[in-house]
Amino acid sequence: MNDRILALFEESPDAYVSGAEISRRLGVSRTAIWKHIEELRSSGYTFEASPRKGYRLLSKPAKWQLTELLAGLKTIVLGRKVHLFDEVDSTQTIAHKLVASGAEEGTLVLAEMQTAGRGRMGRAWHSPAGKGIWMSLVLKPRIPVYFMPQLTLLCAVALCRAIGQTCAVDVGIKWPNDLLIGGKKISGILLESSGEDERLKYVIAGVGISANLLVEDYPEALRPIATSLAIASGSLISREKLVQTFLFEFEELYALYLEKGFAPIRLLWEAQSVTLHRPIRTMTPQGPIEGIAEGLDDSGALTVLTPAGERIKVFSGDIELR
């Protein structure tokens with residue numbers, strides 16, 4: 001039915017098509033038409049609705065231009081093998097399966113849409129079609145398992161630098177893995193791994209970037225806390241260009257990390273942080289902690305100075321900026 005509705009709009013490009021006309025042509029109720037229009041919206045189509053005129057198709061979901069993406073890559077390893085999907089439950093799930101089948105380091109999974117995109121702590125990630133960058137990257141670093149949080153911070157730095165180069169926005173990192181613009185979230189990072197004998201076998205770096213979502217693309221509950229690069233900058237961005245830049249930045253920082261360790265990454269992270277030197281609150285297994293976020297330690301943990309003068313290290317969890 002959705003294809004038949006789209007065909008009607010193709011017959012009258014840029015024109016309104018009334019609900020009565022769609023109902024008559026397709027032999028379905030006005031309620032059914034509304035439901036199908038909402039389905040198409042969730043798939044990345046944009047419609048303008050007028051009570052008197054009907055519906056007008058404004059835009060179709062963008063499609064990844066894989067040839068353009070690969071042609072503009074400046075990396076040696078990362079992104080040289082790409083698996084592109086129209087729809088997946090999660091790019092993370094696909095990446096894990098590819099590693100089990102022998103996927104090499106640098107393998108990239110991209111999807112137009114995720115039906116079960118996930119963030120940290122099992123949270124859902126809103127991933128509409130054609131609007132964002134939903135990707136997972138295979139890494140195989142020869143480092144201990146307990147160093148993996150450092151890779152999360154490295155990934156955040158690479159993404160922050162890439163966005164700064166490709167978009168006219170002021171973006172910063174909220175510990176440990178969120179990127180914010182004006183206090184609203186535009187990206188999240190989820191690293192999952194498999195280890196053996198305390199060493200990592202592989203890491204899947206999942207990155208979700210709200211690139212070209214418009215306000216109406218967000219559920220009501222997310223609008224106060226989430227934004228996109230398009231909303232913040234006032235213009236649509238090239239997803240291909242941003243991925244190319246991110247992979248280049250990641251590869252450069254990854255090589256630096258493997259050679260020099262975490263120290264230079266820590267300095268870069270602290271320079272781009274919106275967490276440090278301000279009051280924060282977080283919940284730990286031992287209870288809530290409040291204080292001033294001072295910096296990162298050598299492992300990547302956040303050091304918090306409490307009102308009592310005690311310095312506490314927070315290794316995981318969410319923080320609330322006060």
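The legends below describe close-up views of a predicted model.

**View 1. The seven-stranded open sheet.** The strand order is β3-β4-β5-β9-β8-β7-β6, and the pairing is mixed. Strands β3 (82-88) and β6 (171-174) are the edge strands, each pairing on one side only. From one strand to the next, the twist averages 20°. Helix α8, residues 239-260, packs on this sheet and touches β4, β5 (133-139) and β9 (199-209). The direction of α8 makes about 25° with that of β5.

**View 2. The pairing of β3 with β4.** These two strands run parallel and are joined by six bridges. Within the pair, H83 stands opposite V109 of β4. Strands of a sheet pair through backbone hydrogen bonds, either parallel or antiparallel.

View 3. E112 belongs to strand β4, which covers residues 108-114. Its relative accessibility is 4%, so E112 counts as buried, the limit for that class being under 20%. Leaving aside residues up to four places away in sequence, E112 touches A62, K63, W64, F85, D86, P128, A129, G130, W134 and R239.

**View 4. The largest nonpolar core.** This core has 62 residues. I163, L229 and F246 are the residues with the most contacts inside it. Helix α6 (residues 148-166) supplies the largest share of the core, twelve residues. Another core, of 15 residues, lies apart from it and includes I5, V17, I37 and L57. In soluble globular proteins, nonpolar side chains tend to be buried together.

**View 5. The contacts of L229.** L229 is one of the residues with the most contacts inside the largest nonpolar core. Residues up to four places away in sequence not being counted, L229 touches I163, C167, V169, I181, I186, I209, S210, A211, G234, S235, I237 and L242. Of these, I163 is also named among the residues with the most contacts inside that core.

**View 6. The crossing of helices α1 and α2.** Two packed helices are described by the angle between their axes and the distance between the axes. Here the axes of α1 (residues 2-11) and α2 (residues 19-26) come within 11 Å and cross at roughly 120°. That angle makes α1 oblique to α2, since roughly perpendicular covers 65 to 115 degrees and roughly antiparallel starts over 145. The crossing of α1 and α2 is right-handed. On the α1 side the contact is made by R4, I5, L8, F9 and E11, and on the α2 side by I22, R25 and L26. I5 is also among the residues of the 15-residue core.

**View 7. The five-stranded open sheet.** The order of its strands is β13-β12-β11-β10-β14, with antiparallel pairing. β13 (311-314) and β14 (319-321) stand at the edges; each has a single partner strand, so one side of each is left without a neighbour in the sheet. With direction ignored, neighbouring strands of this sheet are turned by 45° against each other on average.

**View 8. Strands β11, β12 and β13.** Strand β11 (residues 287-296) pairs with strand β12 (residues 302-305) in the antiparallel sense over four bridges. G295 has T303 of β12 as its bridge partner. β12 and β13 also run antiparallel and are joined by four bridges. The bridge partner of L305 in β13 is R311. The hairpin of β12 and β13 has five residues between the strands, and in it G309 takes a positive phi near 90°.

Methods:
Residues numbered from 1 in each chain as written. Predicted model: local features only at pLDDT ≥ 70, side-chain atom pairs only at ≥ 80, totals over all residues. Heavy atoms only, no water. Buried < 20%, exposed > 50% of the residue type's maximum accessible area, 1.4 Å probe, protein only. Contact = heavy atoms within 4.5 Å. Pairing = 2+ DSSP bridges. Axes fitted to C-alpha atoms, helices over the stretch in contact; angles between N-to-C directions. Core = buried A, V, L, I, M, F, W, Y, C linked by side-chain atoms within 4.5 Å. Parallel < 35°, antiparallel > 145°, perpendicular 65-115°, else oblique. Left-handed = near helix turned anticlockwise from the far one by under 90°.
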